[in-house]
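Trainee: I am new to this structure and would like to learn how to read its features one by one. Could you show me the model and then begin with a general idea before each case?

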Amino acid sequence: MSLALPETFAFTQSSLQTFVDCPRRFWLTYVARLPWPAEEAAPMDERERLLQWGARFHHLVERLERGLDPARVVQDLDYPLDEWVASYRRHRPRDLPTQYRHVEQVLSVPYRSTQARYRLAARYDLIAAERQGDAARAVIVDWKTSPRPGRRTQLQQRLQTLVYPYVLVEASSVFPWGPVDPERVSMVYWFTAAPDTPVVFPYSPDLHAAARTRLTQLLDDLLARETEADFPKVPDTPENRRRLCGYCVYRSRCNRGQAAASVDELEDVEDLAPVDLEASLEFTLEDVEEIAF
Ligand code: SF4
């Protein structure tokens, strides 16, 4: 017996973060694939608006980064998108490499367990890179549109901060500027709520080795489980109810309260985004050939 995931399932920072936050939520979402019975955050229309603004902002900045005429990109924008895009143009992270820009880039690397072959995938808002002589340099930029900027200590704990540079270094030989050494990679979180104070995480060979160990342990642990009972609920504490269950669609099923938590308390609006199971399964064997390194 082994965990019932399709062989083409791609683990992402989001599904791994779900497993770390609450194993039961991983089970319900990715293995049982239960429909989502409750709203994640209140009020519902505010949640929808935040998600739509976030998606729209990503689309607009993507067009700017692809070199479209800014005057056309910002045409007829309403608040807050007009202000967010103007802020981005004023406070785009400094000193980004200029030779190569990859927007909405998906990369994946293989992960082999004793029983199956899976992939670890990441979708990047922006990778800016260059090669000077023998050395490449790459900066990963992630745009965040939450009502509050993320705190450094919290971002440091998030698996995104570990998975993104790890996958980039491992897969970087597919690029004309690659491969890149870990010490020449950094990750920048840029916030609409604090456009002039991005949070930067340098990467290093030690962090890369630690990331490999952590990810291997995490995936080994996850894939060694089989049944719902192997995926327990997060402990029922006031802190976990506030931080996790309050935003979780399964809270009535788990008896963790009825009312959704307020979006005002949320630090990463992407946590509200519906889980896209199709995206987790989108790496067909054909895709794997295309994006494999
Ligand atoms: S409601 Fe809480 S315990 Fe239940 S799946 Fe969600 S986060 Fe886990």
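Mentor: Let us begin with charges and rings: a charge sits over a ring if NZ of Lys or CZ of Arg is within 6 Å of the ring centre and within 35 degrees of the ring normal. In this structure the charged end of Arg152 is placed over the ring of Phe201, 4.4 Å from the centre of that ring. Arg225 likewise lies over the face of Phe231, at 5.8 Å from the ring centre.

Trainee: What should I keep in mind about the model itself?

Mentor: This is a predicted model, in which local features need pLDDT of at least 70 and side-chain atom pairs count only at pLDDT 80 or more, while totals for chains, interfaces and linings use all residues. Residues are numbered from 1 along each chain as its sequence is written, and side-chain values use heavy atoms, with hydrogens and water left out.

Trainee: How many aromatic pairs are there, and how is a pair described?

Mentor: A pair of aromatic rings is described by the distance of the centres and the angle of the planes. Rings of Phe, Tyr and Trp (its six-membered ring) pair if their centres lie within 6.5 Å, and planes under 30 degrees apart count as stacked, over 60 as edge-to-face and the rest as tilted. By this rule the count here is 18 aromatic pairs. In one of these, the centres of the rings of Phe26 and Phe231 are 6.1 Å apart and the planes meet at 10 degrees, so the pair is stacked. Phe26 belongs to helix α2 (residues 23–31) and Phe231 to the loop between α8 (205–223) and α9 (238–243), so this pair ties together parts that are 205 residues apart in sequence.

Trainee: Which residues form one aromatic cluster?

Mentor: The cluster consists of Phe9, Phe11, Phe19, Phe26, Trp27, Tyr30, Tyr118 and Phe231.

Trainee: How many salt bridges does the structure hold?

Mentor: A salt bridge is a side-chain nitrogen of Lys or Arg within 4 Å of a carboxyl oxygen of Asp or Glu, and the structure holds 13 of them. One joins the side chains of Arg92 and Glu65, at 2.7 Å from N to O. The pair links distant parts of the chain, since Arg92 is in the loop between α5 (81–91) and β3 (100–112) and Glu65 is in helix α3, 27 residues apart. Arg92 is partly exposed, with a relative accessible area of 29%, whereas Glu65 is buried, at 4%. Another salt bridge joins Arg212 and Glu170, at 3.0 Å from N to O. Arg212 lies in helix α8 and Glu170 in helix α7, so the pair ties together parts that are 42 residues apart in sequence.

Trainee: How many residues of α7 are buried?

Mentor: In α7, 12 of the 13 residues are buried, and the helix is mostly covered. For its length, the expected span of a helix is 1.5 Å times one less than its number of residues. The 13 residues of helix α7 (residues 159–171) should therefore span 18 Å, and the end C-alpha atoms are 18 Å apart, which agrees.

Trainee: Which residues are around the ligand?

Mentor: A residue is near a molecule or strand if one of its heavy atoms lies within 4 Å of it. Around the ligand are Cys22, Arg25, Lys233, Val234, Cys245, Cys248, Tyr250, Arg251, Cys254 and Arg256. Ala, Val, Leu, Ile, Met, Phe, Trp, Tyr, Cys and Pro count as nonpolar, Asp, Glu, Lys and Arg as charged, and the others, Gly among them, as polar. The shell divides into 6 nonpolar, no polar and 4 charged residues.

Terms used. Helix = DSSP H or I, 4+ residues; strand = E, 2+ residues; numbered from the N terminus. Buried < 20%, exposed > 50% of the residue type's maximum accessible area, 1.4 Å probe, protein only.
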